[in-house]
Amino acid sequence: MSETVNELDRRLTARGAATRARIVAAADELMALKGAAATTLDEVTAASGTSKSQFYRHFGDKSALVQAVIALRGSRVLEREEQYLRRVDSFSGLERWCRAILQRVTARRGARGCDLGSLSTELSDQDEAARIDLDAHLTTWISLLTAALGRMKANGTLSDDADPSTLATGIMAALQGGYVLAQAAHDPGPMRIALELAMDSVRLRTTAPAK
C-alpha cells in the first residue's frame, strides 16, 4: 500500500524535528565548552552532521539558535529543580537540595558553572532577546524556591515574619555567585561556602533551632 500524504508529512516532520534537535544539542555542548560568541555555525553544523542549508531551514540566524539553546537549558534545569524542590517542606529537605547541587559542582571540580547563569553573564548585556529568556527561566527557578519556602512557612517551620520570596532571591544570588567563583577557581569550595551562608539566612528564620 502506498504511503498517504499525511503519513509522509508526519515522517518528514519527525525527521526535521530530529535534525533540529541534533543541531541544538551540538550547539549546547559547544557553547558550554567555548561560550556562545566563540561558537561558529561551521562548528555547529560539523558537530551535528548537518549542512548549512539544513541549518537555515530551522533557524534564521545564530541568534535564533542561541535562543533555542537557552530554551533547551531552561527546560533541563527547571525540570531537574522542580523534581528536587516540589517535595521540599522542611529545613532538612532544603539541605538535601543544597547537597545535590554541591555534589554536581564537586563532580566537575567547579568547571562550566551554571547552565543558565553562564549564558546570562555572557549575553545579557549584548542580546536583549536572550536576556529576556534567561531572566524568565531564572525567575521560574526562584519561584520554585519561593514555593518550597512558602510550604515551610505554612507548616510552621519558618517564622511568621519570614518572607519566602526574599529568602529565595537571596539563595539564588548566593547560588549563582557560588557557581561563578567555583568555576574561576575550578574548586567547589566557594559553592560550599555560598550554600552554607544561604542556609544560615534560612536557619535564622526557623521557629526552632535547625541543626
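User: What span should helix 4 have, and what are its end C-alpha atoms apart?
Analyst: Helix 4 covers residues 62-85, which is 24 residues. At 1.5 Å a residue it should span 34 Å, and its end C-alpha atoms are 34 Å apart, so the two agree. The expected span is 1.5 Å times one less than the number of residues. Helices here are DSSP runs of H or I, at least four residues, and strands are runs of E, at least two, numbered from the N terminus.

User: Where do these values come from?
Analyst: This is a predicted model: local features need pLDDT of at least 70, side-chain atom pairs count only at pLDDT 80 or more, and totals for chains, interfaces and linings use all residues. Residues are numbered from 1 along each chain as its sequence is written, and side-chain values use heavy atoms, with hydrogens and water left out.

User: Which residue caps the N-terminal end of helix 4?
Analyst: Asp 61 does. One of its side-chain oxygens lies 3.2 Å from the backbone nitrogen of Ser 63.

User: And which residues in helix 4 are buried?
Analyst: Among them are Leu 65, Val 66, Val 69, Ile 70, Arg 73, Val 77 and Glu 81. Buried means under 20% relative accessible area, exposed over 50%, and partly exposed in between (1.4 Å probe, protein chains only).

User: How many helices and strands does the chain have?
Analyst: Nine helices and zero strands.

User: How much of the chain is buried?
Analyst: Buried residues make up 40% of the 211 residues. The C-alpha atoms fill a box of roughly 70 × 45 × 30 Å along the principal axes.

User: Switching topic. Is Met 199 buried or exposed?
Analyst: Buried, because its relative accessibility is 6%. Met 199 sits in helix 9, residues 189-203.

User: What is Met 199 in contact with, beyond its neighbours within four places in sequence?
Analyst: Phe 91, Leu 94, Glu 95 and Cys 98. Contact means heavy atoms within 4.5 Å. Met 199 and Leu 94 are 105 residues apart in sequence, yet 8.3 Å apart in space, C-alpha to C-alpha.

User: What share of contacts in the chain join residues at least 24 apart?
Analyst: 70%, among contacts between residues at least 6 apart in sequence.

User: Last one: where is Thr 19 found?
Analyst: In helix 1, residues 5-34. Thr 19 is buried, with a relative accessible area of 8%. Leaving aside neighbours within four places in sequence, Thr 19 is in contact with Thr 50, Gln 54 and His 58.

Methods
Polar contact = N/O pair within 3.5 Å; in protein donor to acceptor, adjacent residues only side chain to side chain.
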